[in-house]
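Please look through the structure below with the report that follows it.

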Amino acid sequence: MRLLTENDPVALDLLDEWIKDRPDNRQLDGFVIVRAEILLRLGRTAEAEEFVRKYVHLPEVMAWEVERLCKAGYPERALDVLDDTLQYARTRSQSDVQRYLEKKIEIYEQTGRIPELIAVAKELFLSERGEMEYYRKLKQYVPAGEWKATLDELLCKLKSIRWFPAEPIAAIYLAEEDYEQLLALLQHVRDERLELLVRYAPRLKEVYPQELLQLFITKIRVCAAQNVGRAHYKYIAGLLKKVRHFPGGATAVSGLVGDFRLRYRCRPAMMQELRQFE
C-alpha cells in the first residue's frame, strides 16, 4: 500500500483494476480507503465522496468516512452515513449494528444531543440484553427525576423475554441498591446451581437474612431432588457449609441434613458427603 501512494495517478489506475477484479476480496476495504485518500490528496473531494458512497456499507470504509467527516467538522453528515449503513447492517450483522449505534452515541455525546443519545442507548441496552455499559450510559444522562421510571420500563421489557438475562438484571439491582427487587428476582429466576444466589448472598444477608436463608433451603432441596452423583453431592455440601454461617443457618442446615438422611438414604455417596455435618 505504501508503494502505491508514491505515484498517485499510477496508484489510482492499479487500485481501479484491483477493486474491479476483486469485489469480494478481504482487502477490499483497504483498497477503497487508499483510493479515496489519494483522491482527497489530489483535491478531487467530490469524486472521492461519490466513490466512497458506493462502498460505505463495508464496515471499515464506513468507520473511515465517519471519522473523516467528524474531523472535518461535519457531524451531521457523519450521522447520515451511519443511518444509511445501519439500514444495510440490520439485515446482515448485529455486531455491525452495535458498532454503528455506539458511534452514534459518541457523536451525540460530542455534540450535546442528549435525547438522541438516550434513545440509542436504550436500543442498545435492550438489544444487548442489559449490558452494563449501556446501563451506565443511561444512568449518566437520563435526568434523575426520570431515572427510576426509565429503568423500570427497560427492565420490564427485558424480563418479558422468555429466557431473560437474569445475571445483568441482578447486577443492575445491586448497583441500584434495590435489594427488594434483587431478592424477588432470585426467588423466581431459573438458577439450578444457585450461582447467582451465592454471588449476591453477602449483600442480601445483611438486609433480608431470614428470607435469604429460606430461599437457600428451598433451592437446595430442589437441587438435591433433581441431581444425582458425587459431584452434585459435594456441591450441595459446599452450599450447606455457606448457609450454616447465616443467622439461624446452623439450625436450618441441621434439620435439612436430617431430612436428606431419611429421604435419600439409598444414595450412599450422598450419605458419605453428609457425614461432615455430624
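## Helix pairs

Helices here are DSSP runs (H or I, at least four residues), numbered from the N terminus, and their axes are lines fitted to C-alpha atoms over the stretch in contact, with angles that run from 0 to 180 degrees between N-to-C directions. This is a predicted model, in which local features need pLDDT of at least 70 and side-chain atom pairs count only at pLDDT 80 or more, while totals for chains, interfaces and linings use all residues. Residues are numbered from 1 along each chain as its sequence is written, and side-chain values use heavy atoms, with hydrogens and water left out.

The axes of helix α1 (residues 8–21) and helix α2 (residues 28–41) come within 10 Å and cross at roughly 150°. That makes α1 roughly antiparallel to α2, a term for angles over 145 degrees, whereas those under 35 count as roughly parallel, 65 to 115 as roughly perpendicular and the rest as oblique. The crossing of α1 past α2 is left-handed, meaning that the near helix is turned anticlockwise from the far one by less than a right angle. Residues that make the contact (heavy atoms within 4.5 Å) include Leu12, Leu15 and Trp18 of α1 and Phe31, Arg35 and Ile38 of α2.

In helix α10 (residues 166–175) and helix α11 (residues 179–188), the axes come within 8 Å and cross at roughly 160°. The two helices α10 and α11 are therefore roughly antiparallel to each other, and α10 passes α11 in a left-handed crossing. Among the residues in contact are Ile169 and Tyr173 of α10, with Leu182 and Leu185 of α11.

## Aromatic pairs

A search of the whole structure finds 4 aromatic pairs, where rings of Phe, Tyr and Trp (its six-membered ring) pair if their centres lie within 6.5 Å, and planes under 30 degrees apart count as stacked, over 60 as edge-to-face and the rest as tilted. One of them joins Tyr135 and Trp147 in a tilted arrangement, 5.8 Å centre to centre and with 50° between the planes. This pair links distant parts of the chain, with Tyr135 in helix α8 (residues 132–141) and Trp147 in helix α9 (residues 144–159), 12 residues apart. Tyr135 is buried at a relative accessible area of 4%, and Trp147 is buried at 8%; buried means under 20%, exposed over 50% and partly exposed in between (1.4 Å probe, protein chains only).

Phe216 and Phe246 form an edge-to-face pair, 5.3 Å centre to centre, with 70° between the planes. Phe216 lies in helix α13 (residues 209–226) and Phe246 in the loop between α14 (230–243) and α15 (249–263), so the pair ties together parts that are 30 residues apart in sequence. Phe216 is buried, with a relative accessible area of 1%, and Phe246 is likewise buried, with 7%.

## Two loop residues with positive phi

Which loop holds Glu177? Glu177 is in the loop between α10 and α11, and its phi is near 55°, a positive value in a residue other than glycine. At 56% relative accessibility, Glu177 counts as exposed.

Leu194, in the loop between α11 and α12 (195–207), has a positive phi of about 60° although it is not a glycine. Leu194 is buried, with a relative accessible area of 1%.
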